[in-house]
Structure formats: C-alpha cells, structure tokens
Amino acid sequence: MKQTPSSFPAPTALNRRSAVLGTIGLIATMHADAATKSAAKKQPAAAPGVWPRASQVPGGIGRLSLGPSAKRPQAFAGDIPLLVVGDTIEWTAIVGIPLATEPGEASITVRAEGKPERQIAYTVAPKQYREQRLTVAPRTVDLSPEDEARYVKERDHLTGVMATLTDMRPDTVLQMRVPVPGRRSSSFGLRRVFNGQSRNPHSGMDIAAGTGTPVLAPLPGKVIDTGDYFFNGGTVWLDHGGGLLTMYCHLSRVDVKVGDVMKTGEPLAAVGATGRVTGPHLHWSVMLNRAMVDPALFIAV
C-alpha cells in the first residue's frame, strides 16, 4: 500500500536530535573538505624524480642504499671512490658500472664512522648492445707511427683528467639537460666497426647537429681540460664533483678555458666535425667513478 506523508511516524525528540547532529556533521565535513583542498593548493610541488635512474647493466648505474649515518659514509668500487648522495636519514652510493663488466654478482665496500667496514652486493644483468658499421678516413683506423705516438701521449694525459675527484654537495640534483638539441645519431654502448675492423664500444651519446650549434653545460661544473685530440677532435671536459665528469667532442670551436666555472645552460663550445667523424655532431660522454656510463640515465626521455 502506498504510504502518505501522514503514514510516517511523528518525529521524536531523539529523531530531531539525530537530524540536527547529522546536519552539523555534514557542515563540518564540508568545511573539512574545503580546508583540505585549500591546504593541498598550498603544498609544494611533488619532489623531482630520482636521478640518475638505476640500470644495473654494463655501462649502467647502480643505486645502492647505505642506510642512515650521522656523517656521509665512504664507498668504493675496488680502490675507486664512489659518489655518495643523500642525508643522515638515508645515504645512497651511485655506482658507475663499466661497459666491460661481466654480468653477475658485484660488490662495493662501505666505510662509515663508528661502524665496521662492510660489503654491499648487487647483481649486474646482461645487456646486448647493437652493432654499428662506419667508414672513416683510413689513417684514423690504421695509425702511422707518428699518429700512434700522438695517441699514446694523449691517452696518458687523459688518464690523469679522468681521475679528477672533487667534493659534491650531497643534495645536488643530478638530472642533466641535453647539451645540444638534435636527433640521437648513435646511442651509448654500440659495438663499433670502423672500416671493417672492430673497435671499443661507443662510450657516449652522439647528437646530430649542424656545425656551429652552441653546446651548453648540462649541470654546474668546472672546466678541467680542453684540447684538440687525434680521435676526439676539439674537446672539453667538465668536473661536476664526486667523480662525475662530462666530455664533449668533435667541436668546431671551444669557448672556455681550464678553470672556468659553468652554470647549467651556459655555452661552452660549438658543434663540429673534428677528429674521427663521418659528419658534424656532438659526442657527449658521462663518466662516473672513472667508468663511462649511459648519458640517457641522467636526462628526461
């Protein structure tokens, strides 16, 4: 039977009290929602992503937790110091994994004040890099005695440059900007074959760009080397601290000198086609604890 309004029971004192409390609760909820939305608008933006990204493969990067410590611990791959970032609540070792590393188990050594030395193990996964065949000037593949002597001298000099180790602030954000716009013409890790002869894998990222295009610093850093090298042509090295270095090769012009301090986005050189090349482009390398690693792990892709 259909009920009429008079069919419902008359409101009691208890019913009236519940209705009032329900209304008050609804009003309070509305005010709370409004306050929450207002507070949300005042919250800072979400923290940036973690940089560099981890990729535990040859030529990649490991991010290994060291736990809390009142002072920044020291970490080593063999006898080579590692970059350690973070704070007293959580420290992290950023490990550059050399391209020649065999897949399998690896470890680092950690020394923290007031604690015994310990080992932290991690696993390096296999990765298959593609092959690239290039045709270049024969003299840059089959070196004359004079060119060989020049190369050896340059190699010995660059060994010292690559051993550079200075302090880095533990809160430094390591996301890099791409130093020059353009298409990636050759990726990191490619197995290079020059004039039919196998050579070392590609240890950087090649970015196609026209001669004269400005090359910009991807992070704050200090110029630690410039030169005109047999294979690399016009070259600049930047030190970003903590064993993190970047190198820029085949430059047509170098606009900085050793000792200059660069800010992110400041021009340091111009794209060219010097050294062993097939055309104008920038070769950009990132070195961490003396290991060349994939620059793509430091940039938004």
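Asp-167 touches Gly-241 and Gly-242, leaving out residues up to four places away in sequence, where contact means heavy atoms within 4.5 Å. This is a predicted model, in which local features need pLDDT of at least 70 and side-chain atom pairs count only at pLDDT 80 or more, while totals for chains, interfaces and linings use all residues. Residues are numbered from 1 along each chain as its sequence is written, and side-chain values use heavy atoms, with hydrogens and water left out.

**Asp-167**
- Asp-167 lies in the loop between α2 (145-162) and β9 (183-186); helices (H or I, at least four residues) and strands (E, at least two) are DSSP runs, numbered from the N terminus.
- With 74% relative accessibility, Asp-167 counts as exposed, the classes being buried under 20% relative accessible area, exposed over 50% and partly exposed in between (1.4 Å probe, protein chains only).
- A distance of 8.7 Å separates the C-alpha atoms of Asp-167 and His-240, which are 73 residues apart along the chain.

**Ser-285**
- Ser-285 belongs to strand β19 (residues 281-288), and at 1% relative accessibility Ser-285 counts as buried.
- Apart from neighbours within four places in sequence, Ser-285 is in contact with Ser-203, Gly-204, Leu-245, Thr-246, Met-247 and Met-292.

**An open sheet**
- Three strands, in the order β1-β5-β4, form an open sheet with antiparallel pairing, two strands being paired if DSSP finds at least two bridges between them.
- Because β1 (61-67) and β4 (83-86) stand at the edges with a single partner strand each, one side of each is left without a neighbour in the sheet.
- β1 pairs with strand β5 (residues 91-96) in the antiparallel sense over six bridges, and Ser-65 stands opposite Thr-92 in β5.
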